[in-house]
Amino acid sequence: MIPEIGLFSLILALLTALAQTILPLVGAATGWQAGLRVARPAAVGQFCLTVLAFGCLAWSFVHNDFSVLYVAGNSHADLPAAYRFAAVWGGHEGSLLLWLLLLTAWTLAVAVFSRRLPLAFAGRVLAVMGGISVGLLLFLLFLSNPFERLMPPAMAGRDLNPLLQDPGMIVHPPMLYMGYVGFSVAFAFAIAALLSGELDALWARWVRPWTLAAWTFLTVGILLGSAWAYYVLGWGGWWFWDPVENASFMPWLAGTALIHSLIVTERRGAFRSWTVLLAICTFSLSILGTFLVRSGVLTSVHAFAVDPGRGLYILAFMTVIVGGSLALYAWRAPTVGLGGGFSLLSRESLLLSNNVVLTVAAGSVLLGTLYPVVLDVLDWGKISIGPPYFEAVFVPLMTPAIFLMGVGPMARWKQADMPDLGRRLRVAFAVSVATAVMLPLAMPGAPRLGSPMIVLGLWLAAWSVASTAAHAAQRLTDGGGQWLRRLGRQPRAWYGMLLAHAGIGIFIAGVTLANGYEVKHELRMELGATQEAGGYQFTFASLAPTTGPNYTAQRAVFPVTRDGKPVVTLYPEKRLYTVQDMALSQADIDSGFTRDLFVALGEPVGDTAWTVRIQVKPFMTWIWTGCLLMALGGLLAAGDKRYRRAQDVAARLPKADAAPSAHAARGGA
Amino acid sequence: MLRYLLPLGAFMAMAVFLAMGLSRDPRAVPSAMIDKPAPPIDLPLLQAPAQRLDVQSLRGQVWLLNVWASWCGPCRDELPVLRDVAQRHGIPLYGLNYKDKPEDARDWLARNGNPYVASASDTDGRVGIEYGVYGVPETFVIDGAGRIRYKQLGLITPDIWRTRIQPVIEALQ
């Protein structure tokens, strides 16, 4: 009964979404007010219906209804309740439903917060989001029905993949999807702007907070996924450049370019068609990522062969959304104008170069991700081009990007002055070079100069932090006056920028030091043996069997000492999940400010010995801290008061154009 | 106008290509290297860096060169097949450890088992270029005269081994 209610509410949601798409579009085109007014209630209704459907699926999981095919395939009665709930998005059908749920939630948010937008514009935005829903709902109902019954019901269920039985599974996918789906708002605004021709500074002001919010979610989502890989996959890596990770990284890069491009559009009315194109690309990459991964196209192209319907549908859906919006772009973008002019050296030009670099980086990740897929689709074999490609492409691209990131905020709009910039940044530059050269000498072990990669990494890290600090200091002290009072007067977006840019520096420092100075040993250890690593002594003290709710395990005890003094005791486990008969190594990690101590069990060798991996990774936590700072920066900027005021202005002056210079350019429209 | 059409054009090209891929028949891999002499390898051995892999000494027998790396996911999937090839069929199997850190590669072999007679460390991928390596894994069948007779792009599944590689090797022997 419950699953049927879920299915029925999905059908109703489809009808609501159709109304939400068609009526407001007709209304906006013909000036039919009643049609436009349908958008908001339809968005609310669609959200409620999707919540109901999602609730029904979750209920089936929590109550072990193994007469539902999808539940039987992804859950088990012995699975702890929290994982039974998270198992809702453990497979293809349920994760699509989660995608839809979050899309309708974002749509609801837009419906609630767009009361001050002109009715026709809000109607178009909601219609575009409704259209995306329609595509998803058709896919769910006809090709990926999560409520399909299994007759006769299964006795127990096939269990959730043990790799996914982790707290990370509960928080990581929803966060990541919030990010992916959140970019649909910027996308819908872009399409609405292209349709209506209202693409001005005010438009950018509306879009910015939504984009920043989505970007923040995506940053946190990627961080959580990465941290999860770090302690679950068991071998101490945290980023593998595999297609699934790349799928989340591409929209992140494009989204980063987008939030910066929006600044220029808002402040100077420039880069309009570029900003719109980025908004389209960011969401398109989100779709490409989710669907390629979720349909199994990337991990195994044979999903196409197994279910050609799904593969074709995904391709058709992508073609309609991406192809349609790019066609609209080609048709309408030439009319939106160029905005204010700027010279070769200005904040605009610096932001533009950074934008181009970020876009090229996203493009190169796309290339590296699709290349193996294309070969595989053609049945040329399964290939991995792996980290060597990405590292070779990425470091040279990011070096100028990070350098420009330090210069950009210092430069004036319209026209900047090279000697002035040099004067403002020379201290930061000197400090960062000195840090990069000196810091390796201070690292544990015999003093020695860092390798070129370490010095480059440390320089970029120190430069990010030092240039940000220099910018903050100058902004607060320039022209005299009370710096303390100025501190309170700065907008939140500015603090957000400082945090995010400094976060990049912290992140790079973590990556450089963790990769450059890690100590790792993979060895055979007898019970009672001690291994030294990076100044710590790891002792394999004992090993005892233990049981969990749905697994049995061998649990080792590793007291760690330094110079004879106890530091911490680590308990790595080797688990055997009984239903799927799958062994999984659960590493134990002690995270500290300057180092992570990491122990993972490999395989038993003989009666009393095991292969063990011991690692000391310096400054690992800095990687996570850097990402958190970026996310915090995004959050602060999204909450800037200016955007709330912008909507008041919009209510009074529906045709307002905040940047005077943009008016002239609109003459060409 | 034209430049505004560029993004659409790029996307449509990708979409058309993917659509073609959906319906395309499997086909053999063309390789410029087929029937050419196998380039010399002359690289330090992974497990014994003091020694070098000498291709000349393999003259007179059919052998396999498998390109692998510890960072490559599919490489682990093809290990059972490789082990089978080396042990049951007794074909000399050599590895080219491509763009990898030797210590990572040794860890990987220790963890997953080592099917190779020996592996050469191609840390900078120089020899990989000589062999025209697209990606990892790849496998070359080299005959007694030292010529490349077959190249498998991507992992060897039991099916590919049975239907494509084994017949080639048997014909050569």
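In this predicted model, A:Ala600 has A:Arg613 of strand β11(A) as its bridge partner. Strand β10 of chain A covers residues 595-605, strand β11 of chain A covers residues 609-618, and the two are joined by 9 bridges while running antiparallel.

Stepping back, these strands belong to an open sheet of 4 strands in chain A, with the order β1-β11-β10-β9 and antiparallel pairing. The edges are taken by β1 (519-526) and β9 (588-591) of chain A; each has a single partner strand, so one side of each is left without a neighbour in the sheet. From one strand to the next, the twist averages 15 degrees.

Some backbone details in the loops also deserve a look. The loop between α7 (119-143) and α8 (167-196) of chain A holds A:Pro152. The peptide bond joining A:Met151 and A:Pro152 is cis, with omega about -5 degrees. A:Asp159 is likewise found in the loop between α7 and α8 of chain A. Its phi is near 75 degrees, a positive value in a residue other than glycine. A:Asp159 has 25 C-beta neighbours inside 10 Å and therefore counts as buried, since the cut-off for that class is 20 or more.

A positive phi is also seen at A:Asn64, a residue other than glycine, where the angle is near 55 degrees. A:Asn64 lies in the loop between α3 (39-62) and α4 (69-74) of chain A. With 18 C-beta neighbours inside 10 Å, A:Asn64 counts as partly exposed, because this class lies between the limits of 12 or fewer for exposed and 20 or more for buried.

Definitions and conventions
Residues are numbered from 1 along each chain as its sequence is written. Chains are lettered from A and ligands numbered from 1 in the order in which they are written. This is a predicted model: local features need pLDDT of at least 70, side-chain atom pairs count only at pLDDT 80 or more; totals for chains, interfaces and linings use all residues. Two strands pair if DSSP finds at least two bridges between them. Axes are lines fitted to C-alpha atoms, for helices over the stretch in contact, and angles run from 0 to 180 degrees between N-to-C directions.
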